[in-house]
Amino acid sequence: MANEGNGGPPPDAEAWLELYERMFRIRCFEEKANDLYVRGHMPGITHLYIGEEAVAVGVCSVLRPDDYITSTHRGHGHCLAKGADLYHMFAELLGRADGYCRGKGGSMHIADQDTGNLGANGIVGGSTSIAAGAGLSAKLRGTDQVAVAFFGDGALGQGQLYESMNMARLWRLPVLYVCENNLYGEYTPNDQTIAGEILDRARAFDIAAQEVDGQNVLAVQQAAQHLVDRARAGQGPAFLQCTTYRYRGHHVGDVDRPYRSPEEERAWEQNRDPLRNLRQDLTAQTRTDPAVMDQLEGQVQTEIEDAADQALAAAAPPATEVGLHVYA
Amino acid sequence: MAHDIIMPMLGMNQDTGTLVRWLKAAGDPVAQGDPVIEIATDKITVELEAPAAGRLSTLLAAEGAEVPVGQAMAYILAEGEEMPSKDPETGALSPLDPSPAALSPDSRVEASPVARRLAASHGLNLSDIPAAGGRIGRQDVEAHLARQTPSASRNPLASPKARRMARAASVDLAQVSGSGPEGAVLAADLEDRTSPPPARATPATDTIVPSPKWQVMAQRLAECWRTVPHFHLSRTADATQLQAWRQACREKYDQRVTVTDLLVKILAASLREHPALNASWQEEGAILRHQEVNIGLAVAVADGLLVPVIRQADHRSVTEIAVERERLVTAAQADTLAMADLEGGTFTVTNLGMFGVERMNPIIKPPEAAILGVGAIKEQVTPVEGQPAIRPLMDLTLGCDHRALEGATVSRFLQTFVSYLEAPLLLLD
Amino acid sequence: MSMRRISFGDAIREAIDEEMARDSQVFMIGEDIGAAGSVFKIFTGLQDTYGPERIIDSPISEAGIAGIGVGAAITGMRPIVDIMFGDFTTMVMDQMVNQAAKTHYMSGGKLTVPMVLRTTMGAGRASAAQHSQSLHAWLSHVPGVKVVAPSTPRDAKGLLKSAIRDDNPVAFFEDKMMYAWPGEVPDTEYLIPLGKGDIKREGQDITIVATSSMVHESLSAAETLASLGIAAEVVDPRTVSPLDTELLIASARKTSRALVVDEGCQQYGVTGEIASVIADGAFYYLDAPVKRMGAMDVPVPFAPSLETVTIPDAAGIVEMAKSLCGKA
């Protein structure tokens, strides 16, 4: 369990409840996104973050609004955890003019500089050097902003990550590399694609590297706090491996999943669910009445339904906008 | 609450899925997560699970059926619950809305995408094209086109420039010996032929071969009149305030200001408010709205008609417009206009008022969507507050491209334009 | 206007020097650009002026520094990324094509990438097939990137300053053979707008459109042609994308003949695009087919006797122009 013994700070019911709410909002958003997709309302393709909520919420909970993140094709959770608004998110997923990117980006490319989100990226290793560039920019501008690169274990196969880590360490850039290791790169178990130890790859660059249970939001938060503080203080980049699991397929259409067993999926959902575990901790350790959480969930569900309804009713961008924003 | 089991979208560009078989029968009790239906798409076969516990309703689709994405195939009903007789959300359940273009009558005709595009690019109705097989293919469209076009007599070889010169000078290329590759006629081969042909013996007529400029004008206007569906709307306006304004300008500024200058000023302000008129129809079926308001002025010159353009008229003062107008008209008459002076127009004004013409139906200058024809200001008797009064009145006629505009929009524009013309102080608002 | 004579390389350095002095957001990153002053020795002393924080010597990590450039540009800096040889732009294609070019569009206009990617082009140094290519057509195929290929010191300086101030990613191709070539530049500060071509020599009989060093071959050809009674007009688009189509078409309409010369390979190249623009816009004014002369469609060979054969030269241009004018 998350906060057992060992002299950690006393449980803060309000802070825990906030983490719970943020994780629940992402889960609920993703369930609704799935529903919109299978009913044919959502064009294109979408990758759900269900199961991995503790990573985004834990890391983003220690970031300031002016800190930067770069995100991935499985990015809705990062965007929401960094402060994105539900309506504009749904509107973008549905290809509406009110979306974060005026319907030009879609599920895989949500960007919102107001919340420090430099964009979700369709190239798995593509954003790691962009985050390093944001870190370099912060350093040159003399701010103490930190840049976080979220990427999956699939990005470990692309060279840009290593070029980026090398330079980040050389120049002590304020960058946190968060590897969401969900055990599968698309449809392939990653023991077939990753040689050696993941953390050794970061250590080879003399980058502080740490592993944490990505299903335990408090553990993620604690580890991220330490590494972000360090980066902010000018002590250079760090690498945080969060072991996690996506409950659904690589994307919504990946429904039969022959590359892993239903038993394995059930075991993660039943034993290591980040929401269920935090809920238990809230009840057991902070004596929070389950009714409080039920009420919170009801409120979030209503928010989600309202935002989705509003987005469904929103207008698509007019064809005249197709040539807009090719050049600034 | 009844839970629907829909045909899910499982991949990009999927419109339907196949119901392979039912794993439960109607009325069977089901637990949440029980497999209920096996479905297949072109990529994958998968079992759909019950979204809730309950009893399976009547089955709404048969095994083997192609079911559209989003359509319910059955419901899971709670104890004592009836199947929704008509799903109130039916509208919301429909798959991605087809684009309005796909709803045209032609969308019902079976045709390949290539054929559809080819037909559209030649302005053909698919329903007019006979299909050799069950659906119209490219060959069918091409065969149809070939039937429509009378086979042209074999053309002599010539460069595009030589062809253009020959057409302008009414020279038959077959009669010219070419000096180019494979005997192609080049511009140089025509240089001695482009003088007017000798007058014919018929004494009653004179053949005049107009200048290339005139030829271009003739060609463009004929093409425009043939292909652009025009409509015209007119209004009469009281020019009392307009004349007072011009008088004031003449007293205040050294630069001569004309009625046309003031009309350009008003027009620019009106177009800013009604961007629909500052637009162009695109052959691919879109309307382009122009960011800049560039107003062309039709200027008669010795050998044709030129339309130099006052760029960004909405950003210019009356005197700036007057200075530019004077420069353009002078240059047009001296034939010293630069290419840039003739390009980029988004709307044209033609004023024949100085010749006493009261009203005209102008032809637009493609690809602009509209043109304003201005008639003479004439003193006329008109009722003012129930009494006959004499006022300077003028007729204004808008010629419009009906593909880009319709009557109501243009009427609203005219309303704005006339209100400014009759009370120019409104421009200060 | 009073003028000075400086080399093409000096013009590049002056542009960067002036912009770095003017705007503290401008910095440059690349291989060997620090103490070494670049392998072409055009930046000698620049790092002394601006320090290693703004003239950053990087590892040999083209993809990584391009990504760092994108990240820094999104977050308020104006990076100049130096890619030593144009041949190495293959390494930065993901960052240029998938990231820099698309970020503004995919974000619905929210994020901008004001970054300049400087690199070289041109054969003639017996550097063989991996250090001699002219790959500017590759990036010209991507909407969202502007591509510049200047021919004179004056144009290079004015265009590079505009490129640095532009809010879009700009790829700037410098023919390495021209670095030592002198030319006149104004004494006072000036800019040359992107997207505007220039008539380098006026004429009535044939339009020769040429880019980069091919402008000089064409001007030399025009001298010879004049002695044969053919007045050639030499037009330099200066910016390859977006093209100054108006200027190209107007010139071809005037002369009724056009020849396009560029050092990229002819197949699917810059010459093809420009020829097509002219054929389309000036068709009814043309008295001869539009011809093009690109580099020969072979990898650039090493032996000088072979290499020279692959590049268009003045003599070849004269022959082609004569045949188009019916004087072969």
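**Exercise 1.** In this predicted model, determine which residues A:Val148 touches, leaving out residues up to four places away in sequence.

*Solution.* Apply the contact cut-off, C-beta atoms within 7 Å. With sequence neighbours up to four places away set aside, the partners of A:Val148 are A:Val59, A:Leu63, A:Asp67, A:Tyr68, A:Ile69, A:Ala131, A:Leu176 and A:Val178.

**Exercise 2.** Describe the side of chain C that touches chain A.

*Solution.* Count first: 34 residues of chain C and 34 residues of chain A take part in the contact. Helices H3 (62–74) and H4 (93–106) of chain C each supply at least two residues of the chain C side. H3(C) has the largest share, nine residues. By class, this side has 12 nonpolar, 18 polar and four charged residues.

**Exercise 3.** Classify the packing of H3(C) against H4(C).

*Solution.* The two axes come within 9 Å and cross at roughly 10°. Angles under 35 degrees count as roughly parallel, so H3(C) and H4(C) are roughly parallel to each other. H3(C) contributes C:Ala63, C:Ala66, C:Gly67, C:Val70 and C:Ile74, while H4(C) contributes C:Asp94, C:Gln95, C:Met96, C:Gln99, C:Ala100 and C:Thr103. The classes are six nonpolar, four polar and one charged.

Technical notes
Residues are numbered from 1 along each chain as its sequence is written. Chains are lettered from A and ligands numbered from 1 in the order in which they are written. This is a predicted model: local features need pLDDT of at least 70, side-chain atom pairs count only at pLDDT 80 or more; totals for chains, interfaces and linings use all residues. Two residues are in contact if their C-beta atoms, placed from the backbone, lie within 7 Å. Helices (H or I, at least four residues) and strands (E, at least two) are DSSP runs, numbered from the N terminus. Ala, Val, Leu, Ile, Met, Phe, Trp, Tyr, Cys and Pro count as nonpolar, Asp, Glu, Lys and Arg as charged, and the others, Gly among them, as polar. Axes are lines fitted to C-alpha atoms, for helices over the stretch in contact, and angles run from 0 to 180 degrees between N-to-C directions. Angles under 35 degrees count as roughly parallel, over 145 as roughly antiparallel, 65 to 115 as roughly perpendicular and the rest as oblique.
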